[in-house]
Amino acid sequence: MALIDIPKVIAHRGASGTAPENTLVAIVRASDLGVTAVELDVTISSDGIAVMLHDENVDRTSNGNGLITQKTINEIQKLDAGSWFDGTFAGEPIPTLKQAMKTINKHKLFFNMEIKPSAGLEEKTAKIVADEVNKNWQANAPMLVSSTSEVCLQTFQKINPQMPCGLIVDNVPENWREIMQRNNCVSIHFHYSNANLELVKEIKSAGYSALVYTVDDPMAAKDMFVMGVDGVFTNFPEMIMPVTECGSTN
Ligand code: G3P
Ligand code: MG
């Protein structure tokens, strides 16, 4: 299985340490900081539109409340997803996947799209997201699709078999090889506290990329690069980029 060229630093939920997560301004901020990749979470509205949101509800990251599955796209896009973070971002909307992809393509960024389905909507979410990617993602622009949901990964690949996919776990399970194979994944994304030299070596010698989340401490990031991880997710790419030359990642 071919390794794909994954940037070493990936802005987690956009540059979410200094801008509201999963918004267009967080994507632009990442680009302005000089980072070449963003990770964003995608789910769906009640009327089946793919939107960028981490949680199952809008409470934490907007001025609204309630489940995303119970809101139409019109209701969602009226919400303010910026003020909770800082008043200077007041009025920043929750973007659709289409809007996010347009901004990512405009800034020529690598996109790690995490499919984050509401419970029970795994297949439906992956189908909608895959169709949207096929319609609106710029041809040949770099994307890696990831999810904790095997249903999402497999459903997405049925519609878009060319897209590289990654499996997200907290701790890498014993049978990771089997899970990676049955989901046709090229990368495994796990919590950095569960990384160690031997594990990273095993993953890489099996032909997969090892990515770790969420690393905001430059010393911890340095340890990860020395172990040989291929990339780290961080809310503060400006703090992690200076240590990317530590260790060798390939
Ligand atoms: O994909 C890495 C990371 O984003 C997974 O955790 O909860 O921040 O989406 P979470
Ligand atoms: Mg995520």
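A polar contact is taken here as a pair of N or O atoms within 3.5 Å; within protein, one atom must be able to donate a hydrogen and the other to accept it, and residues adjacent in sequence count only if both atoms are side-chain atoms. The model is predicted, with local features requiring pLDDT of at least 70 and side-chain atom pairs counted only at pLDDT 80 or more, while totals for chains, interfaces and linings use all residues. Residues are numbered from 1 along each chain as its sequence is written, chains are lettered from A and ligands numbered from 1 in the order in which they are written, and side-chain values use heavy atoms, with hydrogens and water left out.

Helices (H or I, at least four residues) and strands (E, at least two) are DSSP runs, numbered from the N terminus. Strand E4 spans residues 110-115, and six of its six residues are buried, where buried means under 20% relative accessible area, exposed over 50%, and partly exposed in between (1.4 Å probe, protein chains only). Phe110, Asn112 and Glu114 point one way from E4, whereas Phe111, Met113 and Ile115 point the other way.

Two strands are said to pair if DSSP finds at least two bridges between them. E4 pairs with strand E2 (residues 37-44) in the parallel sense over six bridges, and the bridge partner of alanine 37 in E4 is phenylalanine 110. E4 also runs parallel to strand E5 (residues 143-147), to which four bridges join it. Methionine 113 has valine 145 as its bridge partner in E5. From E4 the chain crosses through helix H4 (residues 122-136) to E5 in a right-handed β-α-β crossover; right-handed denotes that, with the strands pointing away from the viewer, the path from the first strand over the helix to the second runs clockwise.

Serine 147 lies in strand E5 and counts as buried, at 0% relative accessibility. A polar atom of the serine 147 side chain lies 2.9 Å from the backbone oxygen of isoleucine 115. The side chain of serine 147 also reaches the backbone nitrogen of serine 149, at 3.0 Å. In the loop between H4 and E5 lies asparagine 140, a residue other than glycine with a positive phi near 70°. Asparagine 140 is exposed, its relative accessible area being 81%.

Strand E9 (residues 231-234) has Gly231 and Phe233 pointing one way and Val232 and Thr234 the other, and all are buried. E1 and E9 run parallel and are joined by three bridges, with valine 9 opposite valine 232 in E9. E8 pairs with E9 in the parallel sense over two bridges, and valine 232 in E9 is the bridge partner of valine 212. The chain passes from E8 through H8 to E9 in a β-α-β crossover that is right-handed.

The surroundings of ligand 1 consist of His12, Arg13, Glu39, Asp41, His54, Glu114, Lys116, Ile168 and Tyr213, a residue being near a molecule or strand if one of its heavy atoms lies within 4 Å of it. By class, this shell has two nonpolar, two polar and five charged residues (Ala, Val, Leu, Ile, Met, Phe, Trp, Tyr, Cys and Pro count as nonpolar, Asp, Glu, Lys and Arg as charged, and the others, Gly among them, as polar). A polar side-chain atom of histidine 12 lies 2.7 Å from an oxygen atom of ligand 1. For histidine 54, a side-chain N or O atom is 2.6 Å from an oxygen atom of the ligand, and for glutamate 114 the corresponding distance is 2.9 Å. Ligand 1 has 290 Å² of accessible area on its own, of which the protein covers 89%; accessible areas come from the Shrake-Rupley method with a 1.4 Å probe, and for residues only the protein chains shown count as cover.

Several loop residues were also examined. Aspartate 55 lies in the loop between strand E3 (50-52) and helix H2 (73-77) and is buried, with a relative accessible area of 19%. The side chains of aspartate 55 and arginine 60 are joined by a polar contact of 2.8 Å. Asparagine 22, in the loop between strand E1 (9-12) and helix H1 (24-33), has a positive phi of about 55° although it is not a glycine. Asparagine 22 is buried, at 3% relative accessible area. Tyrosine 213 and threonine 214 are joined by a cis peptide bond with omega about -25°, and threonine 214 lies in the loop between strand E8 (209-213) and helix H8 (218-227).
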